[in-house]
Amino acid sequence: MNGEKEAQINSERREHILQIALKRFAKDGYHATKISDIVAEAGVAQGTFYWYFKSKEAIALELVKEGREKLLDVIGQGYRREAGSVQDMVHASEALLERLFRFAESNRYLIELILGSGGGVETIRHAIGETRAALENAFLLNIRRAIELGMLPGSIDAEFRATMIMSLIEGVISRWLLGFAPPGSGIESKTAEQLAAETARFEFFGLLGV
């Protein structure tokens with residue numbers, strides 16, 4: 001029992017350090033964040049940090065990897081399994097986007113890290129790039145599945161459509177959640193549900209909304 005309790009304490013302490021590091025990287029940037037900042041806020045000794053993580057770069061890479069897995073899980077829940085009408089596709093996309101926007105809202109620091117540049121560190125930039133590519137590929141797989149089911153024409157450029165959808169979602173989240181919207185846009189006041197409905201409609205019907 002003592003061993004189990006100790007393992008639980010270690011796991012909780014490790015997760016706490018991870019979350020402190022995530023917040024610091026998102027708010028202050030990778031380069032400006034020092035290990036001493038992380039351990040001071042976490043209330044642990046510097047040696048404790050190195051017990052769990054090899055370096056600052058190692059903890060950043062783990063955060064990106066965990067974020068990728070969580071985001072792919074959210075997107076994977078919307079994978080198309082059966083045929084349906086255009087309206088079915090709109091509703092399915094709306095449900096997926098609402099899950100994604102709610103996840104982003106609850107994991108703001110993670111989203112800031114994933115949508116950031118990685119602070120100029122090549123390994124972290126590469127990991128973030130791989131994460132965004134993996135997310136785009138998840139959307140691509142869903143588009144291809146819709147083509148297989150006859151819900152979308154086989155003549156469309158699935159790769160390009162996936163790129164456009166990914167760009168749309170990144171832009172919406174950046175403006176809605178991270179404060180990148182121009183004054184007066186009103187996007188920051190939207191709920192995740194409202195934003196998902198409008199984004200899905202734009203995805204399928206464009207500016208005309210018909």
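This is a short tour of the model, stop by stop.

**Before you start**

The model is predicted: local features need pLDDT of at least 70, side-chain atom pairs count only at pLDDT 80 or more, and totals for chains, interfaces and linings use all residues. Residues are numbered from 1 along each chain as its sequence is written, and side-chain values use heavy atoms, with hydrogens and water left out.

**Stop 1: the whole chain**

Show the protein chain as a cartoon. You will find nine helices and zero strands. Helices (H or I, at least four residues) and strands (E, at least two) are DSSP runs, numbered from the N terminus. The C-alpha atoms fill a box of roughly 60 × 45 × 30 Å, taken along the principal axes. Of the 210 residues, 37% count as buried. Buried means under 20% relative accessible area, exposed means over 50%, and partly exposed lies in between (1.4 Å probe, protein chains only). Now consider contacts, meaning heavy atoms within 4.5 Å. Among those between residues at least 6 apart in sequence, 66% join residues at least 24 apart.

**Stop 2: the nonpolar core**

Select Ile17, Phe25, Phe49, Ile59, Phe101, Phe139 and Ile169. Of the 58 residues in the largest nonpolar core, these touch the most other members. Helix H8 (residues 158-177) gives the most to this core, with nine residues. A nonpolar core is a set of buried Ala, Val, Leu, Ile, Met, Phe, Trp, Tyr and Cys residues joined through side-chain atoms within 4.5 Å. In soluble globular proteins, nonpolar side chains tend to be buried together.

Zoom in on Phe49. Leaving aside residues up to four places away in sequence, Phe49 touches Ile17, Ile35, Ile38, Val39, Ser55, Lys56 and Ile59.

**Stop 3: two helices side by side**

Colour helix H4 (residues 56-76) and helix H7 (residues 122-148). They pack at an angle of about 5°, with their axes 10 Å apart. That makes H4 roughly parallel to H7, a label for angles under 35 degrees. Axes are lines fitted to C-alpha atoms, for helices over the stretch in contact, and angles run from 0 to 180 degrees between N-to-C directions.

Show side chains at the contact. On H4, pick residues including Ala60, Leu61, Val64 and Leu71. On H7, those to pick include Ile124, Ala127, Leu135 and Phe139. The residues of this contact divide into 13 nonpolar, two polar and three charged. Here Ala, Val, Leu, Ile, Met, Phe, Trp, Tyr, Cys and Pro count as nonpolar, Asp, Glu, Lys and Arg as charged, and the others, Gly among them, as polar.

**Stop 4: salt bridges**

A salt bridge is a side-chain nitrogen of Lys or Arg within 4 Å of a carboxyl oxygen of Asp or Glu. The count comes to eleven salt bridges.

- Arg102 and Glu98: the closest N and O atoms are 2.9 Å apart. Both residues lie in helix H5 (residues 86-106), four residues apart, about one turn of the helix. Arg102 is partly exposed, at 42% relative accessibility.
- Arg125 and Glu122: the closest N and O atoms are 2.4 Å apart. Both lie in helix H7, three residues apart.
- Glu159 and Arg144: the side chains meet at 2.6 Å, N to O. Glu159 lies in helix H8 and Arg144 in helix H7, so the pair ties together parts that are 15 residues apart in sequence.

End with Lys23, Arg24, Asp28 and Glu41, which are linked in a network of salt bridges.

Key: Parallel < 35°, antiparallel > 145°, perpendicular 65-115°, else oblique.
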